[in-house]
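Visitor: Hi! Could you walk me through this structure while I have it open?
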Amino acid sequence: MTKVSDMAQPPLSDVFIEMADTLVDDFDVLDFLHTLTERCVELLGVTAAGLMLTDGAGNLQVVAASSERTRLLELFQLQTDEGPCVDCFRTGTAVSVDDLTTARRWPRFTTAASQAGFAAVHALPMKLRTEVIGALNLFETEPGALDQEKLRVGQALADIATVGLLQQRAIHARDVLTEQLQAALNSRVLIEQAKGLLAERLQIDVAQAFTILRSTARNHNRKLSDLAQALVDGTERVQA
Amino acid sequence: MPISDRRLQLWDLVVEQARGSPAAVGHVGAVGIAVVCVDATAVAVTLAASPREVVYTSDQVAEELEELTMTLGEGPGVDALTDGPALAADLNDTSCQLRWPMFAPAAVALGVRAVFALPLQVGGIHLGVLDLYRSEPGSLDREQFTDALLLADTACALLLDAGVGAGDGRRPEEAGLQHPEVHQATGMIVAQIGVSAAIALVRLRAYAYAHDQRLRDVAANVVARRLRFPPETRAATDPGDHHSA
C-alpha cells in the first residue's frame with residue numbers, strides 16, 4: 001500500500017466524491033470507516049486518526065484507525081475511561097488539546113499519548129440529530145491548534161462516517177442505529193480474529209496482516225468483513 | 001452505575017436463579033424477564049449438527065415463537081444469528097411487517113408485539129441468540145438494552161466455558177472483552193491447531209482459567225508469540241487434548 005507520506009494531499013472534492021461513491025454502492029462499513037480515517041490524515045495533515053463508537057452501554061470502542069499499529073490502537077482504546085474523545089462524546093462538542101504537555105484533565109491519557117510521541121489531540125463528535133454515537137479522534141506530533149477550515153472539513157468527515165454507519169436502512173428509528181452500531185462493533189472483533197489468523201499463518205505481525213486482509217478484499221472486490229468471516233470459518237485462505 | 005458493577009449484579013442474579021446448580025444459559029434467560037421487563041425469553045444455540053437448537057424457553061409463548069421462527073425460517077431471531085441485534089419495537093409497524101412478512105403477523109396473532117433478538121456472538125463466532133418477547137410494543141430504554149447486552153455476553157461466556165470449572169461458582173470472563181489481543185489470539189490459535197474459532201476461544205479461556213490468569217494476559221502472550229497452543233511442552237501430535245493443558 002502507498003504510504004501516506006508519499007502522497008500529495010488529494011483535493012477535497014475527490015475525497016467527498018470517493019465517499020459518496022462508496023455510500024451508494026453495497027459497501028463494507030469497516031473498510032469505509034478505515035478509508036475515511038486515512039483520508040482524514042491526508043486532508044487534515046494530521047499524524048493519525050481514529051474513530052470511536054459507543055457500544056450502546058455508553059462505552060466507546062475503536063472501530064477504525066488510519067494505522068493499525070498496536071500502540072496507536074491502545075491509545076485510542078485507553079479513552080474508554082478518560083480522554084478528549086470521551087469528553088467529546090459526552091458533551092457532543094469538539095474537544096481540542098493544542099498542547100498535551102499542559103493538559104491536566106486526563107493524566108493517564110496524556111502520559112500515554114506523550115510517550116507515543118504525540119503533542120496535540122483533537123476530538124470531533126459523530127452526531128445524528130440529538131444523539132452522539134461516537135467521536136473522530138485526530139493526533140498530531142507537533143503542538144498547535146487545527147485551523148477553522150480543517151476543523152470544518154474534519155467535522156464533515158465525521159458526519160460522513162455517521163451516515164456511512166446507517167447504511168441502507170431508514171435512519172429515523174433509534175433501534176436501527178443501535179443495531180448498526182452493534183454490528184459495526186462486532187465486525188471489528190471479527191477483523192481482529194482474522195488478523196490473528198493471518199498473522200500466524202503467514203508469520204507476520206497483526207498490523208501487516210490487516211494490510212494484506214484489506215488489499216486482498218479490495219483486489220477480489222470482496223467486503224472486508226465477508227472475507228474475514230470466510231477466513232475465520234476456514235472456508236477460504238489468503239496468500240501473502 | 002459503572003458497567004462492571006452492573007455486570008456483577010446481573011451475574012449474582014443468574015447464580016441466584018441457578019439455585020445451587022451450575023449457572024447455565026437458561027438461568028440467564030430467566031433473569032432477562034425481570035431485568036429487561038419482557039414477558040418471555042428463549043435461548044437458541046447453533047450447533048454443527050443443526051443451525052438452530054432451542055435450549056431454553058421461559059414459557060408456552062416463548063416455545064411457540066421459537067417454533068414459529070424455526071418453521072418460517074425468518075424473524076428477528078434468525079437475523080440476529082448472523083447480522084447483529086434485531087430490535088422490533090412494534091411488530092405491527094410497516095417496517096417490521098416488510099422485514100418479516102410471515103413472522104410479524106403470526107407473532108402478533110400469538111399476542112407478542114415486541115421482539116428483541118440479541119446475538120450470542122464474538123466476532124466471527126456465532127453461538128446462538130437470546131430472544132426477548134413482550135406483549136406491549138415499545139423500544140427498550142437504554143438501561144434495559146444495556147442489561148440485555150450484558151446478559152447476552154454472560155450467556156456467551158457460559159456457552160464457551162461449559163465444562164470448564166462448571167459449578168465452582170466463579171464468574172466467567174467477559175466474552176466480548178474489549179481487548180483486541182483476545183480476538184487476535186483466537187485467530188492465531190485457529191491457525192496453530194487447526195480448530196474452529198469457537199474451539200480456539202474455548203481453549204484460550206480454558207487455559208486462562210486453569211492457570212488462574214487473566215484472559216487478556218494469556219492472549220497477549222499468544223500474540224507476542226510467547227505462548228503457543230498446544231504449548232511446546234505438550235506433545236504436538238496431541239492437539240485434541242487441550243483442556244488439561
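Visitor: How many bridges join β4 and β5 of chain A?
Guide: Strand β4 (residues 120-128) of chain A pairs with β5(A) over nine bridges, in the antiparallel sense. Two strands pair if DSSP finds at least two bridges between them, and strands are DSSP runs (E, at least two residues) while helices are H or I runs of at least four residues, both numbered from the N terminus. In that pairing, A:Ala120 stands opposite A:Glu140.

Visitor: Before I go on, what kind of model is this, and how is it numbered?
Guide: This is a predicted model, in which local features need pLDDT of at least 70, side-chain atom pairs count only at pLDDT 80 or more, and totals for chains, interfaces and linings use all residues. Residues are numbered from 1 along each chain as its sequence is written, chains are lettered from A and ligands numbered from 1 in the order in which they are written, and side-chain values use heavy atoms, with hydrogens and water left out.

Visitor: Thanks. What's the strand order in the chain A sheet?
Guide: The order is β2-β1-β5-β4-β3, an open sheet of five strands with antiparallel pairing. In chain A, β2 (60-65) and β3 (95-97) are at the edges with a single partner strand each, so one side of each has no neighbour in the sheet. On average, neighbouring strands are turned by 20 degrees against each other, direction ignored; axes here are lines fitted to C-alpha atoms, for helices over the stretch in contact, and angles run from 0 to 180 degrees between N-to-C directions.

Visitor: And chain B, what order there?
Guide: Chain B has five strands in an open antiparallel sheet, ordered β2-β1-β5-β4-β3. β1 (residues 40-45) of chain B pairs with β2(B) over four antiparallel bridges, and B:Ala42 has B:Thr57 of β2(B) as its bridge partner. Helix α7 (residues 142-160) of chain B packs on this sheet, touching β1, β3, β4 (114-122) and β5 (125-134) of chain B. Its direction makes about 40 degrees with that of β4(B). Contact means heavy atoms within 4.5 Å.

Visitor: Does that helix turn up anywhere else, I wonder. What does B:Arg142 meet?
Guide: B:Arg142 and A:Glu131 meet through their side chains in a salt bridge (3.2 Å, N to O). The pair crosses between chains, from strand β5 (residues 131-140) of chain A to helix α7 of chain B. A salt bridge is a side-chain nitrogen of Lys or Arg within 4 Å of a carboxyl oxygen of Asp or Glu.

Visitor: What area is buried between the two chains?
Guide: About 2,700 Å², with 50% from carbon and sulfur atoms. Buried area is the accessible area (1.4 Å probe) that two parts lose on being put together, summed over both. In chain B, B:Gln178, B:Gln184 and B:Arg225 lose the most area to chain A, together 21% of what that side buries.

Visitor: Last one: at what angle do α1 and α2 of chain B cross?
Guide: The axes of α1 (residues 3-18) and α2 (residues 25-36) of chain B cross at roughly 115 degrees and come within 9 Å.
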